[in-house]
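Visitor: Please show me the structure. I would like to ask about its parts one by one.

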Amino acid sequence: MDWIPALLKHLGLSRSLIGAVFITALTLYVGPRLAPAYVDSVPKEWAVVVVGSLVFSGALLLFWALSFTYESLGRRWKRAVSARASRELNQNEIDLLRAMGEVPRESLNFDEINYEQVELTRLEVLELVHGLQRKGLISINQFNSGLFSLSPMGRQRALEIQQNSKRNST
């Protein structure tokens, strides 16, 4: 009975094959009714196979389409929530983005920050960085968690902060 999960796994990987089976079964099922001159009807012994493959492949395609739609909507929802959250920044977050915007292509290192000068503890800076990461403004290096840099959305937001501070100073 281990062959059933293995078969379903391989069918899940071969969407083009399932699509072709669906189109073929649909043609064999509907074709004789719509275009009897072009598509011969299936013998009665094979009608069960045609209907079964039509239902099975159609169900798989439907599940894949629903899964894709659900994941796509989830990603869009996350992006919208993080974009909205990135608009609401406290003063420490604004200051950090402004400072990172001065050297946007460089990663900052937690160990190289002068915590006395910024008047924050390591834990406060760590929480600040993780909060900005949740908002999509900072990305933490996946190979060295001590390094962090501006994300593309963070660079845009840092630019807005710099432009606003220039307008306010003049």
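Visitor: What covers the buried residues of H4?

Guide: This is a predicted model, where local features need pLDDT of at least 70, side-chain atom pairs count only at pLDDT 80 or more, and totals for chains, interfaces and linings use all residues. Residues are numbered from 1 along each chain as its sequence is written, and side-chain values use heavy atoms, with hydrogens and water left out. Helices (H or I, at least four residues) and strands (E, at least two) are DSSP runs, numbered from the N terminus. The cover of H4's buried residues includes strand E1 (108–109), H6, strand E2 (138–140), strand E3 (147–150) and helix H7 (152–169).

Visitor: Which residues of H4 are buried?

Guide: Buried means under 20% relative accessible area, exposed over 50%, and partly exposed in between, with a 1.4 Å probe and protein chains only. In H4, the buried residues are Glu 93, Leu 96, Leu 97, Met 100 and Gly 101.

Visitor: Within what arc do the buried residues of H4 fall?

Guide: The arc is that of the directions from the helix axis to the C-beta atoms. An α-helix has 3.6 residues a turn, so residues three or four places apart point the same way. In H4 the buried residues line one face of the helix, because seen down the axis they fall within an arc of 135 degrees.

Visitor: How many Å does H4 reach from its first C-alpha to its last?

Guide: The expected span of a helix is 1.5 Å times one less than its number of residues. H4 has 12 residues, with 16 Å expected. The model comes close to that: H4 reaches 17 Å.

Visitor: At what angle do the axes of H4 and H6 cross?

Guide: Axes are lines fitted to C-alpha atoms, for helices over the stretch in contact, and angles run from 0 to 180 degrees between N-to-C directions. Angles under 35 degrees count as roughly parallel, over 145 as roughly antiparallel, 65 to 115 as roughly perpendicular and the rest as oblique. H4 (residues 91–102) and H6 (residues 122–134) have axes that come within 10 Å. H4 and H6 are roughly perpendicular to each other, and their axes cross at roughly 80 degrees.

Visitor: Which residues of H6 make the contact with H4?

Guide: Contact means heavy atoms within 4.5 Å. H4 brings Asn 92, Glu 93, Leu 96 and Leu 97. H6 answers with Leu 128, Val 129 and Leu 132.

Visitor: Is Glu 93 buried or exposed?

Guide: Glu 93 sits in helix H4. Glu 93 touches Glu 88, Leu 128, Leu 132 and Lys 135, not counting residues up to four places away in sequence. Its relative accessible area is 6%, so Glu 93 is buried.

Visitor: How does Gln 91 count at 49% relative accessibility?

Guide: Gln 91 is found in helix H4. At 49% relative accessibility, Gln 91 counts as partly exposed.

Visitor: Which residues of H7 make the contact with H4?

Guide: The axes of H4 and H7 come within 9 Å and cross at roughly 100 degrees. That makes H4 roughly perpendicular to H7. From H4 come Ile 94, Leu 97, Arg 98, Gly 101 and Glu 102. From H7 come Arg 157, Ala 158, Ile 161, Gln 162 and Ser 165.

Visitor: Is Asp 111 buried or exposed?

Guide: Asp 111 has its place in the loop between E1 and helix H5 (115–118). At 58% relative accessibility, Asp 111 counts as exposed.
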